[in-house]
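This report goes through one protein model, from the whole chain down to single residues. Please keep the sequence and the structure in view while reading.

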Amino acid sequence: MGIFSSIKSAIFGGDDEEKKPSGAGASAGAAVGAAAAASAKPTAVSEVDVAASLDAKPGADKLNWRTSIVDLMKLLGLDPSFANRKELAGELGDTDYSGTAEENIWLHKKTMQELAKNGGKVPAEFLD
């Protein structure tokens, strides 16, 4: 799993959480439940309020996650090391990441834009 996938899972919830409802019932019922869960999955993801989810995490009031990629990663329990930020930058299209302040600002903004593209409700301040 890549760094962006880890970020997305930490905010939206992991695949295990999404699959729990489909595990109930007999095999025929489970198949129907799985089909219903699969069709409902995009709706559930689109309802995730990214800012509210992050603000609700313990320690959010002590970290500047709204502008800092390092603090965002810390809040999500991810290692914000240069190596991991470089990997994230590569996943999001910057193959020449060197860790400058400007690149970190871009990385934070791009991460928020990708969360929005993947069904997150992201405040407009993160998208411009």
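**Overall fold**

The model is predicted. Its protein chain contains 7 helices and 0 strands, and the order along the sequence reads α-α-α-α-α-α-α. Of the 128 residues in the protein chain, 34% are buried. Among contacts in the protein chain with a separation of 6 or more, 49% are between residues 24 or more positions apart. The protein chain exposes about 7,200 Å², and carbon and sulfur atoms supply 55% of that area.

**Helix 1 and helix 7**

How do the axes of helix 1 and helix 7 lie, and at what angle do they cross? Helix 1 spans residues 3-12 and helix 7 spans residues 101-117; their axes come within 11 Å and cross at roughly 60 degrees. Angles from 65 to 115 degrees would count as roughly perpendicular and those under 35 as roughly parallel, and the two helices are therefore oblique to each other. The crossing of helix 1 and helix 7 is right-handed.

| Helix | Residues in the contact |
|---|---|
| Helix 1 (residues 3-12) | Phe-4, Ile-7, Lys-8, Ile-11, Phe-12 |
| Helix 7 (residues 101-117) | Thr-111, Glu-114, Leu-115 |

By class, the contact between helix 1 and helix 7 has 5 nonpolar, 1 polar and 2 charged residues.

Burial in helix 1 can be set beside this list. The buried residues of helix 1 are Ile-3, Phe-4, Ser-6, Ile-7, Ile-11 and Phe-12. An α-helix has 3.6 residues a turn, so residues three or four places apart point the same way. After helix 1 comes Gly-13, which has a positive phi near 100 degrees.

**Lys-109**

Is Lys-109 buried, partly exposed or exposed? Lys-109 belongs to helix 7. Its relative accessible area is 33%. Buried means under 20% and exposed means over 50%, so Lys-109 is partly exposed.

Which residues does Lys-109 contact, leaving aside its neighbours within four places in sequence? They are Phe-126, Leu-127 and Asp-128. Ser-68 is 41 residues away from Lys-109 along the chain, and the C-alpha atoms of the two are separated by 9.3 Å.

Notes: Residues are numbered from 1 along each chain as its sequence is written. This is a predicted model: local features need pLDDT of at least 70, side-chain atom pairs count only at pLDDT 80 or more; totals for chains, interfaces and linings use all residues. Side-chain values use heavy atoms; hydrogens and water are left out. Axes are lines fitted to C-alpha atoms, for helices over the stretch in contact, and angles run from 0 to 180 degrees between N-to-C directions. Helices (H or I, at least four residues) and strands (E, at least two) are DSSP runs, numbered from the N terminus. Angles under 35 degrees count as roughly parallel, over 145 as roughly antiparallel, 65 to 115 as roughly perpendicular and the rest as oblique. A crossing is left-handed if the near helix is turned anticlockwise from the far one by less than a right angle, and right-handed if clockwise. Contact means heavy atoms within 4.5 Å. Ala, Val, Leu, Ile, Met, Phe, Trp, Tyr, Cys and Pro count as nonpolar, Asp, Glu, Lys and Arg as charged, and the others, Gly among them, as polar. Buried means under 20% relative accessible area, exposed over 50%, partly exposed in between (1.4 Å probe, protein chains only). Accessible areas come from the Shrake-Rupley method with a 1.4 Å probe; for residues, only the protein chains shown count as cover.
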